[in-house]
Amino acid sequence: MREVFRLPDVGEGIAEAEIVEYLVNVGDIVKADQNVVRVETDKAVVELPSPFSGVVVEIPHKPGDTVRVGDPLLVVETEAAVRPAVPRREERARPPEEEKARPLPALKPLKPEEKPPETPPAAAAERVLATPHTRRLARELGIDIATVTGSGRGGRVTDEDVREAAVRKAPPPPRAPTAAAVVPPATAGFDFEKYGPTKRVLLKGVRKRTAEVMARAWSTIPHVTHFDEADVTELLQVVERERGLAEERKVKLTVLSFLIKAAAEALRRFPQFNASLDETTGELVYKEYFNVGFATDTEAGLMVPVIRDVDKKSILQIAGELQDLSRRARDRSIELDEMRGGTFTISNVGALGGRWATPIIVHPEVAILCSLRARKQPVVRNDEIVIRTIMPLAVSFDHRVLDGADAARFMSYIVALLEDPMRMLVEVA
Amino acid sequence: MSEMISVLKLDGTVDEEKIKAIPEDLIHKMYRLMVFTRQWNAKALSLQRQGRMGTLASVRGQEASNIGMGLALEPTDWFCPSFRETGAQIARGTSPKDLYLYFAGDSRGLRPPEGSRDLPICITVGSHLAHAAGIAWGAKIRGEKIAVLSSSGDGSTSQGDFHESLNFAGVFKLPVVFAIQNNHWAISVPFEKQTATKTISEKACAYGFDGVRVDGNDVFAVYLTIKDRLNIARSEFKPALVELVTYRMDDHTTADDASRYRTEEMLAPWREKDPIDRLRKYLTAKFGWDEKKETAFLEEISAEVEQTVRDFEAEPHPKPTDIFEHLYHDMPWHLKEQREEVARHQGEAAR
């Protein structure tokens, strides 16, 4: 007979897990208690053993899939001889026949003057399943939770269900800053199938989060992007010269570490770039710490690890942390805390090519710097055309609190530092 | 700082003088209980990962401390365990099936067997040390010739309850022994960050009684020391603090991932000190224990554990309405209403 191994709650209150890898293939013989799949929850990567002995006949997921608690993980064809003698606990949990036949407990008798309830007792018992949090959300959004169809386990109404119901119910609302969570679907009514077949992939995890954060930043911050370029010929020579020293300390020295240091010094000189707008009080909040995030392209999507107190660290230290944080962002061992608390962000798309880009600010920061691939090109120096290595730069700023002139000064200072590494030595704290 | 009491060495040799106090059949019983505890524990972890068991604190690596303590108590003594004493509880006579039931979320598993003098498992860290002192005080007032043993982890020594209980026991000269299984970790807090003292046993001097330090992976040393200290407590009303130096080989619980804060290098030296391997070496040298006997023995224990699982899973589930029982003698109206609502909902679900 076919037995289905479903994802259990392997932590304390885990709702879902991601498949890391299956340790068996379809057709394999498994024994009870043999590890069959590795999953990653919010808390840990764990190996799950099969409750059954038999032959694996179906593996309904692949690595990377998100599986909810209660969803099938594995289907095993058990042989009669190796079947567990005892039925599963869930099966036994159902009351025996006589209990099923038992009439419902009588309700309290109504006083004569009381109106009989509008809904019969049976309907009362069909009270929808939802957590108190979801019920409150429904009340706040003005949704009668009894009218919402639950998509959760056992018909449970989830927060998502309530939000969707709210979106369906609401007339296209005026755009308010707080509406970010309940954006009306602008694509409602589109028939994507009209001109050909399509495939649907749910946005989730980092991708979903990126979508939310970017939509919010783009819709609340009036962006302006200022472009410039830096002659990094000498800087590259410095990087080349000191590479060996860094390698001795197991650190890879990169232009990005110099760029971060230069940005830190610029932030110190132009503190309005190291600030946030407190939208509730209308105050500009100047931060007296300098934590620079750097955008990292990972398999899971875009992550922004943060290097703390860059103003107090040497370029070599910054390079070391860059290396460590980006490695851990890629293998996903990075802690959430290490991606928080940034005051400014640098996006380096250098290696991937391109000449111009207009980066989106990481809300609630007020500016972001983007560096692109440096390349050799002819430039004019002392009225002569010479070959130099030029790196394009772009800074996007929040025009509510900064102006074009500020950006020009900020950027020129960074360019000056990058073009003259000795100046960094002399001037930078 | 007191030195570490040891009887059974890493290579399986023993202190020939001290071992005389332990009869051969007891040695076999110790081995059996330790191996049973390890298999019971491994099965419970596997069941948890299959969704058939709730959160569980693995006792792997601490079998010698557990079994040594459990067997050292007299049936008339009281035992106050926390949650990593499952082996000691089994040695004391708690049914392994009941322990499975409890960790699967069925509180009926906590009911002590008839005539038992074990408190239920205490999850709250260190609070049961006060219970132990209180029971000992009561026994002293009544003139009972008994002793009380509490067991908790190194983390519990940082709790206020630890100080209160030991101070009280010292002042009132109570027949109580506080065993601390120093497994070096309080969830993710390492022992070095738990206390500024080098050992736990030395804390006893602040309370005016003896503190001793025992190799907690040496079942003979644990058994003999605890037994000795319980005897002194019983006859002379002298409390004691016994530090059992051991190591937690698994995660804190099934909801933890120790690889985030503990490296393989930290674990390696403790694999060498495994309490069961060590005892097996002794059995091999002394009683001609061999591969063949071991294989048959392991199969026997494994069958016993599987049978325990079948028995536990054959127990009918508690009813959801049971959650309303046992708290009030006379159930208040609002709980009655809630119970009716749950019963109604259950009736609906059953149809």
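Q: What is the relative accessible area of Glu338(A)?
A: Glu338(A) counts as partly exposed, a class that sits between buried (under 20% relative accessible area) and exposed (over 50%), using a 1.4 Å probe and protein chains only. The value for Glu338(A) is 21%.

Q: What average pLDDT does chain B have?
A: This is a predicted model, where local features need pLDDT of at least 70, side-chain atom pairs count only at pLDDT 80 or more, and totals for chains, interfaces and linings use all residues; side-chain values use heavy atoms, with hydrogens and water left out. Residues are numbered from 1 along each chain as its sequence is written, while chains are lettered from A and ligands numbered from 1 in the order in which they are written. pLDDT is the predictor's confidence in each residue, from 0 to 100. In chain B, 98% of the residues score at least 70, and the average is 95.

Q: Why are Asp324(A) and Arg328(A) separated by about one helical turn?
A: Their side chains meet in a salt bridge at 3.2 Å, N to O. Asp324(A) is partly exposed at 29%, whereas Arg328(A) counts as buried at 14%. The spacing is about one turn because, in helix H9 (residues 315–330) of chain A, the two are four residues apart.

Q: Which strands sit at the edges of the open sheet in chain B?
A: Six strands line up in the order E1-E7-E8-E4-E3-E2, with parallel pairing; two strands pair if DSSP finds at least two bridges between them. Each edge strand pairs on one side only. They are E1 (4–5) and E2 (78–80).

Q: What angle does the direction of helix H8(B) make with that of E7(B)?
A: H8(B), residues 219–236, packs on the sheet and touches E1, E3, E4, E7 and E8 of chain B, where contact means heavy atoms within 4.5 Å. Axes are lines fitted to C-alpha atoms, for helices over the stretch in contact, and angles run from 0 to 180 degrees between N-to-C directions. Here the angle is about 160°.

Q: How wide an arc do the buried residues of helix H4(A) cover?
A: In H4(A), residues 132–140, the buried ones are Thr134(A), Arg135(A), Leu137(A) and Ala138(A). The arc is that of the directions from the helix axis to the C-beta atoms. These residues share one side of H4(A), because the arc they cover is only 160°.

Q: Which exposed residues does the other face of H4(A) carry?
A: Helix H5 (159–169) of chain A is included in what covers the buried residues. The face turned away from that buried side carries Pro132(A), Arg139(A) and Glu140(A).

Terms used
Salt bridge = Lys/Arg side-chain N within 4 Å of Asp/Glu carboxyl O.
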